[in-house]
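I opened my notebook for a first look at this structure. Here is what I looked up, entry by entry.

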Amino acid sequence: MGKYIVRRLLQMIPVALGATFLIYAMVFSLPGDPTTGKCGERNCPPEFVAAFNEKYNLDDPLLVQYGKYMGNVLQGDLGEAQSGLPVSEELSERYVITFKLGGMALAIEAVIGILAGIVAGLRKGGFLDALVLVSTLFVISIPVFVIGNVSQLFFGIELGWFPVTVPFEPSLFDLFMPAMVLASASVAYLARLMRSSMAENLRSDYVRTANAKGLGPSRVVGVHTLRNSMIPVVTFLGYDFGALLGGAIITEGIFNIYGVGGYIFQGISDQDGIAVVSSVTVLVVIYLLMNLLADVLYGVLDPRISHD
């Protein structure tokens with residue numbers, strides 16, 4: 001297992017470099033002058049533009065810019081935003097909130113999605129199966145911003161159960177409704193995935209053999225079928241955690257959350273390339289680590305899967 005983890009970590013290096021280079025190239029190849037609006041309504045003086053370009057290495061070729069940026073990143077320096085604040089300080093504050101939001105959303109989708117998928121898979125063709133399929137299709141068809149605004153209106157204003165907007169230092173209760181909104185689409189996809197996996201494994205030969213041996217339904221389903229059915233679910237959860245962190249821009253905007261999503265959006269609006277690239281670079285690393293964790297869990301769920 002240790003050799004497998006080391007091998008996967010080494011494989012992550014070219015993936016991380018390739019992904020960050022593409023992000024860097026796309027951000028710094030965008031048309032437009034990054035100094036626009038920095039000096040009010042008038043154009044910035046040439047001295048300011050020259051100092052700005054020198055500070056952010058904008059006069060260098062793209063590969064040289066990227067090399068200098070990655071050299072600083074490897075030393076723990078994510079650069080300085082155009083606001084003058086270090087990006088690492090901004091992200092250290094915002095990632096705590098975004099991690100809470102993403103972690104709660106992942107837990108919600110895992111519990112609700114897996115349970116709904118198990119029930120639907122065990123009762124395939126029945127009323128509960130049809131209910132899960134219809135309800136998940138309904139949720140998937142509604143955009144996240146609509147679910148967020150409706151939740152604000154109904155649960156926040158009409159019923160008063162949850163705060164409409166999230167304070168600067170939110171508690172888990174403050175983040176519960178945004179986490180439900182963020183997890184809504186993922187719950188639907190996960191429930192459908194779990195249902196299909198359960199239904200497929202229930203028709204497998206090993207399940208028929210276990211039933212023929214006289215094993216009880218709880219052992220057949222809980223020990224044999226469920227563990228094998230969880231493999232694609234673990235893959236989805238590992239991928240989705242990174243997607244939840246990156247896709248929280250809309251949810252954080254709706255509920256006024258001081259998180260990474262709002263920081264990336266503001267960086268895009270201000271053409272602040274360093275802020276955007278550094279934020280997404282951290283997301284790439286998190287995404288790769290979560291996929292590694294999912295791969296390691298395969299061997300725990302199914303001993304037949306070897307990492308040697």
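**Entry: a loop residue.** I began with E169, which I found in the loop between α6 and α7. Helices here are DSSP runs (H or I, at least four residues) and strands are runs of E (at least two), numbered from the N terminus. Is E169 buried or exposed? It counts as exposed because its relative accessibility is 68%; buried means under 20% relative accessible area, exposed over 50%, and partly exposed in between (1.4 Å probe, protein chains only).

**Entry: ground rules.** I noted that this is a predicted model, where local features need pLDDT of at least 70, side-chain atom pairs count only at pLDDT 80 or more, and totals for chains, interfaces and linings use all residues. Residues are numbered from 1 along each chain as its sequence is written, and side-chain values use heavy atoms, with hydrogens and water left out.

**Entry: a positive phi.** Next I turned to N256, in the loop between α10 (248-254) and α11 (260-269). Its phi is near 55°, a positive value in a residue other than glycine. Most residues other than glycine have a negative phi. N256 counts as exposed, because its relative accessibility is 54%.

**Entry: the whole chain.** I then stepped back and found twelve helices and zero strands in the protein chain. Of its 308 residues, 41% count as buried.

**Entry: the largest pocket.** I looked for open space with a 1 Å grid over the protein atoms alone: a pocket is an open set of points where a 1.4 Å probe fits, with protein on both sides within 12 Å along at least five of seven lines, and lining residues have an atom within 4 Å of a point. The largest pocket has a volume of about 440 Å³, which is the space filled by probe spheres set on the points, joined across faces, edges and corners. Its lining has 21 residues, and V139, I147, M180, V181 and S184 lie nearest its centre. Which element gives the largest share of the lining? I found that α7 does, with nine residues. The lining divides into 17 nonpolar, four polar and no charged residues. Nonpolar means Ala, Val, Leu, Ile, Met, Phe, Trp, Tyr, Cys and Pro, charged means Asp, Glu, Lys and Arg, and the others, Gly among them, are polar.
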